[in-house]
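I'm opening a page for this one and jotting things down as I look them up. Sheet first, then helices, then a single residue.

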Amino acid sequence: MGKNILLINDLAGYGKVALSAMIPVLSHMGHHLYNLPTALVSNTLDYGKFDILETTEYMRNTIAVWGELGFRFDAISTGFIVSQEQASLVASYCKEQQKRNTKIFTDPIMGDEGKLYNGVTEMTVKHMRELVAVADCIVPNYTEAVYLAGMPYQAEGISWEDAERLIQRLRDTGASSVVITSARVEGQDAVIGYDREEDSKFMIPFSYVPVRFPGTGDIFSSVLTGKVLDGCPLRESTAKAMDTVRELIVRNRGNEDKFKGIPLESCLEVIC
């Protein structure tokens, strides 16, 4: 039976990223979705020009309306957060919902390849830690993980001992389970993590496909969230998310305009 999931992320006017990517994936997996846009974005940022409208006041009002209507969620998945005010609002709301046994999944979208995205500051990192502290599962990439943990970025990769230290530092911030994507461990591209339910760490190697689409992280976290809520162990859910993203990239690597992301509706059969 599908779960009620609240997605808190931005909404692009053009491009399959954030909510536009997560909604078709999780709907196809049979879940029931609510969405709370943190911002309206004209298009994916890859085009070089964009406009962003922050929606904090709308979020606050919508949360109040949903409270009056008695809406309840089995899970909340958080993504792009625009401001300190939003981070505090979302963290507070997640804490409140957690008391009703709502599972919190956080993708701390802040940067990649060793750098923070344009407009993301050290203050943003600090406030993202508020969300991480209440999360049942966080899904940062390696760059975001080291920023959250206050550890140095190592472009050449890390040892398994470093990976274990990074995972532990993230757990120390309050996160229960951890999944770190885009890592390079012992010379191997891999996803690494810790499953609190099984009290075990894991490393799943992968072969890198040299094609970049925006939105693949949103697809990954959506599949992972959906599978965990279906009752799959975290490691198995992570492996399924990895296989799904890889297949979608391989299928679409010849697309002319990669900046708009993967046209999900044309290949939803990959997601199962």
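What follows are my notes on this model, which is a predicted one.

**Sheet**

I started with the strand order. Nine strands make an open sheet, and I read the order as S3-S2-S1-S4-S5-S8-S9-S10-S11. The pairing is mixed. Next I asked myself which strands stand at the edges. They are S3, residues 52-54, and S11, residues 200-205. Each has a single partner strand, so one side of each has no neighbour in the sheet.

Then I zoomed in on S8 and S9. S8 covers residues 137-138 and S9 covers residues 177-185; the two run parallel and are joined by two bridges. I looked up Cys-137 as well, and its bridge partner in S9 is Ser-177.

**Helices on the sheet**

I checked what H1 (residues 19-28) lies across: strands S1 (4-12), S2 (32-41) and S4 (75-78). Its direction is at about 150° to S1. H2, residues 56-69, also packs on the sheet, where I find it touching S1, S2 and S3. For H2 the angle with the direction of S2 is about 160°.

**H3 and H4**

How do the axes of H3 and H4 cross? For H3 (residues 84-98) and H4 (residues 122-132) I get a crossing at roughly 10°, with the axes coming within 8 Å. Angles under 35 degrees count as roughly parallel, and H3 and H4 are therefore roughly parallel to each other.

I listed who meets whom. From H3 come Gln-84, Ala-87, Ser-88, Val-90, Ala-91 and Cys-94; from H4 come His-127, Glu-130 and Leu-131. Sorted by type, the residues of this contact are five nonpolar, three polar and one charged.

I also ran a length check on H3. Its 15 residues reach 21 Å from first C-alpha to last, close to the 21 Å expected at 1.5 Å a residue. For burial in H3, I noted Gln-86, Ala-87, Leu-89, Val-90, Ala-91, Tyr-93, Cys-94 and Gln-97 as buried. Ala-87, Val-90, Ala-91 and Cys-94 are among the H3 residues that meet H4.

**Lys-103**

Last stop: where does Lys-103 sit? I find Lys-103 in strand S5, residues 103-106. Leaving out residues up to four places away in sequence, Lys-103 touches Asp-74, Ala-75, Ile-76 and Asp-136. I also took one distance: Lys-103 and Ala-145 are 42 residues apart in sequence and 21 Å apart in space, C-alpha to C-alpha.

Technical notes
Residues numbered from 1 in each chain as written. Predicted model: local features only at pLDDT ≥ 70, side-chain atom pairs only at ≥ 80, totals over all residues. Heavy atoms only, no water. Pairing = 2+ DSSP bridges. Helix = DSSP H or I, 4+ residues; strand = E, 2+ residues; numbered from the N terminus. Contact = heavy atoms within 4.5 Å. Axes fitted to C-alpha atoms, helices over the stretch in contact; angles between N-to-C directions. Parallel < 35°, antiparallel > 145°, perpendicular 65-115°, else oblique. Nonpolar A, V, L, I, M, F, W, Y, C, P; charged D, E, K, R; others polar. Expected span 1.5 Å × (residues − 1). Buried < 20%, exposed > 50% of the residue type's maximum accessible area, 1.4 Å probe, protein only.
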